[in-house]
Amino acid sequence: MAERMHFRILGPLWVADGVLELTPTAPKVRQVLAFLLVRSGKLVQVDELIDELWGDEPPSSAMTTLQTYIYKLRKELLERCTSAQLQTRVSGYLLDVSAERGDILRFERLAHEGRTALEEGDPARAAERLTEALALWRGPALTDVAVGEILSAHVTRLEEERLRTLELRITADLELGRHQQLVSELKMLVSEHPLNERFHAHLMMALHQSGRRYEALEAYRRLRRMLVDELGMEPSTSVQQLHQNLLSSDVAEKNATVRTAVSASSTVAPSTTPDSPSGPAPGRFETLLVPAQLPPDIYDFVGRKSVLERVHQYLVRPDEESTAVRAVCISGMPGVGKTALALRAGHAERAEFPDGQLYADLRGTSKHPADPYRVLEDFARAIGIPPSEIPESIQERSKLFRTWCMGRRVLVVLDNAHSPAQVKPLLPASPNCAVIVTSRSGLYSLPGVRHLELEEMDEDEAVRLLVTVSGRGHSGPMVREAEQAARLCAGLPLALRCVGSRLAGMRSWPIAKLVARLQDPRGRLDVLSFADLDVRSRLETAYWALDPPARSIFRLISLLPPPDFSATTAALLAGNETDEVETQLLRLADCHLLAMTDGVGDGEIRYRMHELVRIYARERLDLEFLEPVPGGVARDEPGTGHRGGKDLGHRGKDLGHRGTDLGRRQKDLGYLKEDPGNTGGALEHRGDGHERSESDLLRATPECADPREPIPLPSIGA
């Protein structure tokens with residue numbers, strides 16, 4: 001029974017054991033099976049499956065749900081089949097189906113045999129093999145499967161392979177003299193694919209060889225009229241040459257004319273054979289596209305002149321003797337304008353890179369960053385490499401990309417990068433190329449990359465951005481109110497855009513009213529949210545990307561007063577060793593939730609928390625360990641559906657300290673007040689409008705904790 005199992009995707013998805021159909025009915029399970037069959041014999045990454053099933057917004061349970069689908073396939077389908085094996089690998093799954101049991105492998109084998117026979121001058125054998133290959137198709141591939149972005153690309157590739165095989169079969173039939181039998185089929189194909197010049201050339205040849213020379217010439221006139229009217233272009237040189245041959249009746253060498261028809265230009269390239277290299281031949285690069293993928297620049301971009309000049313120096317004025325690619329990494333806190341700056345710089349330098357500008361959003365701040373394997377495939381498609389000629393391994397794709405870039409002047413913009421490992425395969429090797437990377441962290445381990453840390457705007461730039469975005473002319477007292485609003489946004493471009501957009505969308509609102517709402521720290525982040533602009537959501541994404549020890553310190557240091565503090569001060573507040581606390585502070589600084597400054601006189605590093613970050617950190621502390629945010633609604637961790645703080649097995653453990661001896665704690669807190677770097681009183685004033693006392697801070701220790709048992713912060717890697 002097992003050996004009668006068949007898997008078919010060239011048409012509706014169909015799985016059967018003999019006459020018993022076993023095709024899954026659940027849409028997602030069908031989608032997973034289709035993906036595995038399309039990539040039969042090749043590893044499918046887990047990330048690819050998740051992206052295919054849910055796109056850019058997978059649920060938090062995506063991995064568990066995917067494993068459930070895999071289990072169903074094994075249990076209900078594959079257990080009864082010995083000719084198909086689903087193997088689990090470290091990073092994905094591999095479904096191995098024999099060619100006799102799967103139509104896609106059989107189609108590819110027969111198409112390759114037919115193509116080889118035609119190249120070797122055996123049209124009869126070629127026609128036989130190619131006809132047999134096309135007979136495997138029962139309609140459009142996977143026509144009854146809901147396909148995502150990745151699977152859709154594979155379906156397109158299969159359709160291109162079918163058309164290429166059909167063209168070869170028609171070529172073989174023409175060489176065998178089957179002209180009259182082909183006329184009706186070719187007329188239908190020309191109607192279905194009006195821009196495929198090879199079908200038109202085949203039709204012209206078939207009509208001519210059938211004694212219908214006038215109709216052949218008319219077919220050319222229709223083709224030319226359509227191309228000129230719709231595309232503003234003439235037919236390809238080879239089709240024009242065929243037309244001239246027909247006009248002069250120069251068809252003495254019938255097969256040579258057929259070959260001319262076959263060579264009619266098309267966007268479809270010859271497919272690779274199993275014995276050919278994985279990449280396209282070097283000559284193909286001469287006809288590929290010039291990509292221009294940069295997203296639009298924003299018209300109301302303001303300031304950053306000195307930073308743009310530095311980017312220009314890094315990218316356009318390199319050391320003439322250097323053989324390395326020119327690259328700059330722009331980092332900074334959430335909402336500081338990294339992407340806007342990168343795009344402004346990219347558009348400003350576009351003329352320096354006439355061979356193309358490539359762009360990729362690497363989704364570094366999402367739960368599922370972009371796979372460089374997929375990004376390289378997108379780059380290959382953008383420069384015109386046919387899908388069948390794109391290598392399978394990431395190493396070969398990276399080599400192909402570097403080969404194409406060599407000798408060209410290309411700009412690559414990699415936005416929102418997650419890690420150096422994600423970026424490295426996407427870097428060209430040519431010194432004529434340039435790369436702009438943006439990342440929340442600095443990616444300082446990337447060799448040969450210049451680094452720019454983007455800071456908040458100064459007051460003049462902030463006011464100009466606010467006025468520009470709002471579209472309101474401010475004069476007299478309104479200027480002072482705009483300056484006050486810019487200060488309350490603490491120079492953060494995203495916050496300024498929120499305020500400006502709100503003013504633009506609510507023309508009747510006086511700016512004074514908005515300033516009054518911004519002055520209350522407890523509701524400021526609510527005001528700094530408008531349409532898809534939201535300061536809190538950006539900070540929330542960064543917060544939940546931290547590990548529990550770093551989140552604990554992040555919340556606690558919101559109690560310290562501005563402008564800055566030392567690691568010693570934070571350690572006293574947390575009740576932990578200074579080195580342990582500083583490790584977490586450095587993690588916060590690496591993702592730009594803190595800024596580091598040099599100490600005055602003593603050389604000790606001091607840390608500064610942006611005002612809006614401080615407000616958000618205190619909001620998290622209030623939400624997870626103290627009273628709820630006044631007037632607010634408890635917020636959940638993104639994508640989990642769980643109340644903030646519930647991801648922790650024990651509240652006291654995440655805090656890092658259940659409590660110490662009360663007398664010692666009070667002594668430490670008293671020392672905080674005397675720290676010269678904490679002027680203004682650590683506990684009397686938080687810097688956001690809330691008055692705090694020592695008893696308030698002690699409430700940060702969970703009530704269930706034993707005040708005599710300190711628990712240190714978990715070490716790195718815990």
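Begin by selecting helix α14 (residues 372-382): nine of its eleven residues are buried, so the helix is largely enclosed by the rest of the structure. Here buried means under 20% relative accessible area, exposed over 50%, and partly exposed in between (1.4 Å probe, protein chains only). Helices (H or I, at least four residues) and strands (E, at least two) are DSSP runs, numbered from the N terminus.

The model on display is predicted: local features need pLDDT of at least 70, side-chain atom pairs count only at pLDDT 80 or more, and totals for chains, interfaces and linings use all residues. Residues are numbered from 1 along each chain as its sequence is written, and side-chain values use heavy atoms, with hydrogens and water left out.

**Helix α14 and its surroundings**

Within α14, colour the buried residues, among them Tyr-373, Arg-374, Glu-377 and Phe-379. Next, display α2 (46-54), α6, β8 (357-361), α15 (394-405), β9 and α16 (420-423), against which the buried residues of α14 pack. At the N-terminal end, select Asp-371, which caps α14 with a side-chain oxygen 3.0 Å from the backbone nitrogen of Tyr-373. Following α14 is Gly-384, with a positive phi near 95 degrees.

**Helix α6**

Move on to Arg-169, placed in helix α6. Arg-169 counts as buried because its relative accessibility is 11%. Beyond its neighbours within four places in sequence, Arg-169 is in contact (heavy atoms within 4.5 Å) with Ala-127, Leu-130, Thr-131, Leu-134, Leu-182 and Glu-185.

Now select Arg-164 and Glu-161, which form a salt bridge with their closest N and O atoms 3.1 Å apart. A salt bridge is a side-chain nitrogen of Lys or Arg within 4 Å of a carboxyl oxygen of Asp or Glu. Arg-164 and Glu-161 are three residues apart in helix α6 (residues 149-175), so about one helical turn separates them. Arg-164 and Glu-161 are both buried.

**Further salt bridges**

The structure holds 36 salt bridges. For another, select Arg-178 and Asp-173, whose closest N and O atoms are 2.8 Å apart. Arg-178 is partly exposed, at 36% relative accessibility, whereas Asp-173 is buried, with a relative accessible area of 7%.

Then go to Glu-540 and Arg-620, whose side chains meet in a salt bridge (3.7 Å, N to O). This pair links distant parts of the chain, 80 residues apart: Glu-540 is in helix α22 (residues 535-544) and Arg-620 is in helix α26 (residues 611-624). Glu-540 counts as buried at 13% relative accessibility, and Arg-620 counts as buried at 1%. Select also Arg-109, Glu-113, Glu-128 and Arg-129, which salt bridges with shared partners join into one network.

**The largest pocket**

On a 1 Å grid over the protein atoms alone, a pocket is an open set of points where a 1.4 Å probe fits, with protein on both sides within 12 Å along at least five of seven lines; lining residues have an atom within 4 Å of a point. The largest pocket holds about 1,500 Å³ of space. Which helix gives the most to its lining? Helix α22 does, with five residues.

Methods. Grid points are joined across faces, edges and corners, and a volume is the space filled by probe spheres set on the points. A polar contact is a pair of N or O atoms within 3.5 Å; within protein, one must be able to donate a hydrogen and the other to accept it, and residues adjacent in sequence count only if both atoms are side-chain atoms.
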